[in-house]
Amino acid sequence: MHRLSGLDAGFLYLETPTQLLHVCGLIVLDTTTVPDGYRYEALRAELAARLTAVPLFRQKIADSPFNLDHPVWVDDPDFDLDRHLHRVAVPAPGRREELADLCGHIAAQPLDRSRPLWEMVVIEGLEDGSVAVMTKIHHAGADGVTGADLVAQLCSLEPDAPRPEPVTDGAGGGSALGIALGGLFNVATRPLGLVRALPKTVELVPRWITRARRGEAMPAPFTAPRTSFNGTITGHRSVGFAQFDLGRVKSVKDEHGVKVNDVVMAVCAGALRRYLADRDELPDSPLIGMVPVSVRGKSDRPGRNQVSPMFASLHTHIADPIERLHAIADANAFAKEHNSALGASLLQDWTQFMAPAVFGAAMRTYASLRLAERHPVVHNLVVSNVPGPAMPLYFLGARIRAMYPLGPIFHGVGLNITVMSLDGALDVGVLTCPELVPDVWALVDAFPSALDELDTAP
């Protein structure tokens, strides 16, 4: 068995019926590349064969009523692919709107915690003849990078590539006694972790203030302006997506001497500015996004989630798109340096002290009292940029035309924009709550104009 880290387990503890904490992805496939043609039965057989090489897909959560620590991962002896792979048809005429509505419904369904925490839904009936696959993986088992890597292990660089060799090593089993005893040992040694984390945290506030005085700090939490999507979320989900030429983004990058991520964030900022301005909701102060930063290779802490939160100003109060781009680039440089100075493992160290009973009850109370609408906004949205491969990928023999990542939303943060690069394109996935963002396509359709402003500006 493998013990969950505090950060991994925290996504289990903080989940409620309306705050579902799984990571989704919409993969659009060109099935004309499939050897011998596409058939669902053949896709299922190929998936079953390739899953033998990815043990994480066959692991589930286990716990003990006497366990004082976080739960563990164990191999599922009763793993059944048919409980995780489903087949549906999108309603006619199968346009992007019907596909997005179906994906929103899928995203709004919780995962069964008695089984491995993932699902795939094969979606047929799209108007252009393509096939889509909606994936769901619980955040306890994968962050954005891990989720993309897991899906990538089912992919190949050629449509008829040989299957990988099966992997027999997994998490193993775990008895209730073994889980409890291991948890008791971890809890007994936890004060050592507090000794390690507390001094770094005490130093955090004065260092943050010093940086802020020099104008070199990232925005502080609870300083974001309130918008319509910073309220209590419901159990409903809306999905939107768009695709852009990565070459255009790189052209803007080269012309203005910034980074690709700066351009991506500037496009998001431009779309958000237009969306809010059209509704007379544009705040005078800039929106603040929380950017998950991968700390793989920088942190020695265990766990499948290896991220650190960075707060970034989107400078949506600046009207000129080029001025906004450079302001974002400058702010990102300071934010990255500041985030690095805080340490790669600070969040992981503190989440080790999360307790399921305390945090689960606190989150349910927080949601029922709608407290997200009563305190200052922590940050306005989650915005993330996940780098993907620059070459074509084939998913079970079908060439991937697009891979739209869809991250979770939270009470008080009802909008997630995640961008992924793949094979010369940028795929943008938007997930939100329809009660907070009634027309997600109004936001999504503002993205092309936001890129045009940067690409055509003198």
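## Exposure and the Asp254 pair

A residue counts as exposed when its relative accessible area is over 50%, as buried when that value is under 20%, and as partly exposed in between. In this predicted model, Asp254 has a relative accessibility of 55% and is therefore classed as exposed. Its side chain meets that of Lys253 in a salt bridge with an N to O distance of 2.7 Å, and Lys253, at 22%, is partly exposed.

## Salt bridges

Side chains of opposite charge can pair when their charged atoms come close. The whole structure contains 22 salt bridges, including one between Glu373 and Arg370, whose closest N and O atoms are 2.8 Å apart. Both partners are partly exposed, Glu373 with a relative accessibility of 35% and Arg370 with 42%.

A network of salt bridges links Arg95, Arg96, Glu97, Glu98 and Asp445. Within this group, the side chains of Glu97 and Arg95 meet at 4.0 Å, N to O; Glu97 is partly exposed at 28%, and Arg95 is likewise partly exposed at 38%.

## Glu98 in helix 3

Glu98, a member of that network, belongs to helix 3, which covers residues 96–107. Its relative accessibility is 13%, so Glu98 counts as buried. When neighbours within four places in sequence are set aside, Glu98 is in contact with Val90, Pro91, Ala92 and Pro93.

## A nonpolar surface patch

On the surface, Leu68, Leu177, Leu181 and Leu184 form a nonpolar patch with about 430 Å² of accessible area together. Leu184 is located in helix 5, residues 176–188, and is partly exposed, with a relative accessible area of 47%.

Notes:
Residues numbered from 1 in each chain as written. Predicted model: local features only at pLDDT ≥ 70, side-chain atom pairs only at ≥ 80, totals over all residues. Heavy atoms only, no water. Patch = residues over 30% accessible without salt bridge, like charges linked within 9 Å, V, L, I, M, F, W, Y side chains within 5 Å. Areas by Shrake-Rupley, 256 points an atom, 1.4 Å probe, with all protein chains shown as cover. Helix = DSSP H or I, 4+ residues; strand = E, 2+ residues; numbered from the N terminus. Buried < 20%, exposed > 50% of the residue type's maximum accessible area, 1.4 Å probe, protein only. Contact = heavy atoms within 4.5 Å.
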